[in-house]
Amino acid sequence: MRRDVRAKLLERRSLSPDASLLEFESDFLANELRPGQFTMLRLPGDEGLLLRRPYSFCDTDVAASRFSLLVKEVGRGTRALARLVPGDEVDCLGPLGSTFTMPPEGKRPVVVAGGVGIAPFVGFCRALSSASKVAVVLLGGRTSYDLYLREVFEALGMDVRCTTEDGSVGTRGRVTALLDDALDAETQLYSCGPTPMLLKVAELAKAKGIPHEVSLERRMGCGMGCCLGCVVYTSEYVRSCTEGPVFDASVIAWDRDPHPL
Amino acid sequence: MKPDLSVSFARLHFRTPLIAASGTFGYGTEYLDVSDYEAIGGIAVKGLYLEPREGCPPPRIWETPSGMLNAIGLQEVGIRRFIDEKMPRLRELGPTVLVNICGSTVEEYQELAHILDSVEGVHAIELNISCPNVEEGGILFGCDPRMAAKVTEAVRAQTKLPIIPKLSPNVTDITVVARSVEAAGADAISLINTMPAMAIDVESRRPRLANIVGGLSGPAIRPIAVRMVYQTAKAVNIPVIGIGGITSHEDALEFILAGASAVQIGTMSFVDPSVWRRTLDGLEAYCERHDVEAISALTGGVLS
Ligand SMILES: Cc1cc2nc3c(=O)[nH]c(=O)nc-3n(C[C@H](O)[C@H](O)[C@H](O)COP(=O)(O)OP(=O)(O)OC[C@H]3O[C@@H](n4cnc5c(N)ncnc54)[C@H](O)[C@@H]3O)c2cc1C
Ligand SMILES: Cc1cc2nc3c(=O)[nH]c(=O)nc-3n(C[C@H](O)[C@H](O)[C@H](O)COP(=O)(O)O)c2cc1C
Ligand code: FES
């Protein structure tokens with residue numbers, strides 16, 4: 001069951017010069033959405049935009065009827081969203097898309113996230129934490145600003161390890177450099193972030209035969225499976241809004257996926 | 001008394017004058033939990049060929065001022081799977097079913113029409129001779145009045161179902177194509193399909209779409225579409241279905257006053273799944289306010 005709900009902004013927190021955490025109120029979405037899923041969001045007024053924009057759900061608080069989105073400003077829609085003030089309302093169509101699956105008994109979850117790609121993992125790690133599981137969370141960014149919300153993962157009891165390209169926090173370099181150490185035969189991998197990173201993770205996982213779920217970002221027109229704008233190649237073009245955004249990484253034909261957004 | 005918002009033409013009955021445009025409403029069931037289907041009079045399904053098609057590589061869409069570009073390239077499941085897997089649910093939904101068909105040759109259109117003629121629950125054939133994103137067929141048929149007539153005539157010979165050629169705006173004089181498909185036996189005409197268009201990312205210097213060019217839809221094309229519906233409705237004696245950038249009852253009324261007997265909504269249904277109910281309620285209120293007993297009385301009512 002999906003709905004188009006009007007959600008009120010309760011709180012906005014700036015996380016970096018270009019990223020904000022937005023907390024919205026909606027009983028329906030707080031209850032219905034599952035880690036990995038997303039919403040198609042429409043701004044109040046039209047802001048000169050036509051199409052809705054997809055955002056992953058970051059976290060939910062069922063008791064408080066709240067859900068949050070982590071938004072990075074890259075264009076008109078994201079900038080307008082980051083300018084909202086508490087009390088403003090947006091239309092959220094959702095919950096949409098596939099979910100991350102909990103690791104099977106005996107498997108150790110390892111999460112790899114770059115930049116705003118950490119958004120869907122907050123809710124996922126909360127679910128792991130409730131099931132008394134600890135994930136290794138590998139976070140990567142260009143600089144310390146990009147390592148959003150790492151204290152939240154720590155508070156959830158996750159084993160957080162960071163890299164920055166400028167060395168301002170954690171190990172200097174790319175997040176994939178930490179992967180080798182974190183992986184073994186009992187690992188279950190989860191990833192979301194820039195495509196070059198996902199590709200690296202997918203290659204490593206494949207070489208080692210490690211199960212790997214990946215959340216992909218594609219331009220979306222409808223989010224409902226109707227425009228066929230969001231496709232990803234497996235053995236044919238499949239819709240990332242309905243069959244994804246979370247895929248078993250081994251089904252993706254990465255070489256047929258040029259991915260310029 | 002409540003105004004009559006149903007429309008009947010070309011041997012078809014639509015419970016409302018609002019039809020879901022081909023390629024924007026899947027195979028009909030995708031919006032069941034979020035849109036009010038009672039407000040939808042008809043559904044034109046995604047364009048179908050004889051065989052399944054892979055479509056264009058991504059990126060396939062890009063937003064432009066008040067519109068969007070798409071080059072989907074008619075990714076579709078093929079007529080057989082459509083009939084076996086999609087028709088059973090589609091025929092139960094309530095809205096009148098228009099099957100949008102596409103071919104690379106006249107013979108393919110003919111065979112599709114022949115197959116559809118005996119399929120229960122198919123009410124009409126919308127002839128897609130206007131898709132800008134396929135290499136052969138598509139828009140080539142729609143831009144040449146002689147070819148458009150040839151396809152229409154060939155399909156006419158295969159089916160008793162109402163035939164509705166869907167025209168491309170990419171022509172010098174839309175009335176020439178319209179008259180030629182009318183003479184070839186079309187029961188109604190729908191227009192417009194998307195407008196061939198292009199956008200470039202200046203940083204990477206690459207086209208925004210992998211297909212380089214795509215079709216423009218949404219409010220950006222509405223005034224062009226209204227003009228073409230106006231010209232077409234004056235030029236032919238068969239009913240016209242207006243399409244292009246409709247977002248509200250005012251927009252729908254523009255098309256109706258320009259000469260449309262019904263309208264289709266495409267891009268806006270992506271943006272607002274409640275567009276159906278909102279537009280229908282708006283039409284009803286308008287009719288009441290203007291003492292109009294039936295929406296059909298407004299067709300062609302623009303004053304000059
Ligand atoms: C399933 C899914 C989940 C997502 N989750 C989040 C999230 O949690 N937080 C978040 O901040 N963003 C998320 N995104 C990306 C977000 O949708 C885009 O950043 C947004 O659509 C850009 O809109 P805009 O109007 O600001 O940009 P536009 O003005 O439309 O474009 C500006 C620039 O942004 C680029 N761009 C356009 N679409 C995307 C895209 N999908 N991803 C990256 N760059 C894009 C364009 O190439 C362009 O150069 C997600 C995308 C998907 C598909
Ligand atoms: C993503 C997309 C896919 C489309 N696919 C088809 C199609 O398969 N067959 C067709 O005849 N028209 C297709 N169209 C055109 C629409 O049916 C319609 O004519 C056009 O979008 C203008 O209406 P709108 O502005 O309300 O969207 C498509 C349009 C879009 C945006
Ligand atoms: S976004 Fe329209 S089909 Fe996926």
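**The enclosed space and its surroundings**

Author: Lining the largest cavity are 35 residues, and those nearest its centre are Ser22(B), Thr24(B), Asn70(B), Asn193(B) and Thr194(B). Two or more lining residues come from each of β6 (67–70), β16 (262–265) and α8 (267–271) of chain B, and α8(B) gives the most, with three residues. The model is predicted, so that local features need pLDDT of at least 70 and side-chain atom pairs count only at pLDDT 80 or more, while totals for chains, interfaces and linings use all residues. Residues are numbered from 1 along each chain as its sequence is written, chains are lettered from A and ligands numbered from 1 in the order in which they are written, and side-chain values use heavy atoms, leaving out hydrogens and water.

The volume of the largest cavity is about 480 Å³, and a search of the whole structure finds two cavities of 30 Å³ or more. On a 1 Å grid over the protein atoms alone, a cavity is a set of points where a 1.4 Å probe fits but cannot get out, a pocket is an open set with protein on both sides within 12 Å along at least five of seven lines, and lining residues have an atom within 4 Å of a point. Grid points are joined across faces, edges and corners, and a volume is the space filled by probe spheres set on the points. Helices (H or I, at least four residues) and strands (E, at least two) are DSSP runs, numbered from the N terminus.

Asn70(B), one of the residues nearest the centre of this cavity, is also among the contacts of Arg60(B) beyond four places in sequence, which include Leu69(B), Ala71(B), Gln75(B) and, from chain A, Leu228(A) and Tyr237(A); contact means heavy atoms within 4.5 Å. Arg60(B) itself lies in the loop between β4 (42–44) and β5 (61–64) of chain B. Arg60(B) is buried yet has no salt bridge, the nearest side chain of opposite charge, that of Glu54(B), being 7.3 Å away. Buried means under 20% relative accessible area, exposed over 50% and partly exposed in between (1.4 Å probe, protein chains only), and a salt bridge is a side-chain nitrogen of Lys or Arg within 4 Å of a carboxyl oxygen of Asp or Glu. Instead, the side chain of Arg60(B) reaches the backbone oxygen of Glu54(B) at 3.2 Å, and a polar atom of the Arg60(B) side chain lies 2.6 Å from the backbone oxygen of Cys56(B).

Tyr237(A) and Gln75(B), contacts of Arg60(B), lead on to the second largest pocket, where they are among the residues nearest the centre and where 20 residues form the lining. That pocket has a volume of about 460 Å³, and β15(A) gives the most to its lining, with three residues.

Returning to the cavity, Asn193(B) and Thr194(B) lie nearest its centre with others, and a cis peptide bond, with omega of about 10 degrees, joins Leu191(B) and Ile192(B). Ile192(B) belongs to the loop between β10 (189–191) and β11 (195–197) of chain B. Elsewhere in chain B, Ala20(B) sits in strand β3 (residues 18–20) and counts as buried because its relative accessibility is 0%. Beyond four places in sequence, the contacts of Ala20(B) include Gln264(B), Ile265(B), Phe25(B) and Trp276(B).

Definitions and conventions
Lys, Arg positive; Asp, Glu negative; His and termini not counted. Polar contact = N/O pair within 3.5 Å; in protein donor to acceptor, adjacent residues only side chain to side chain.
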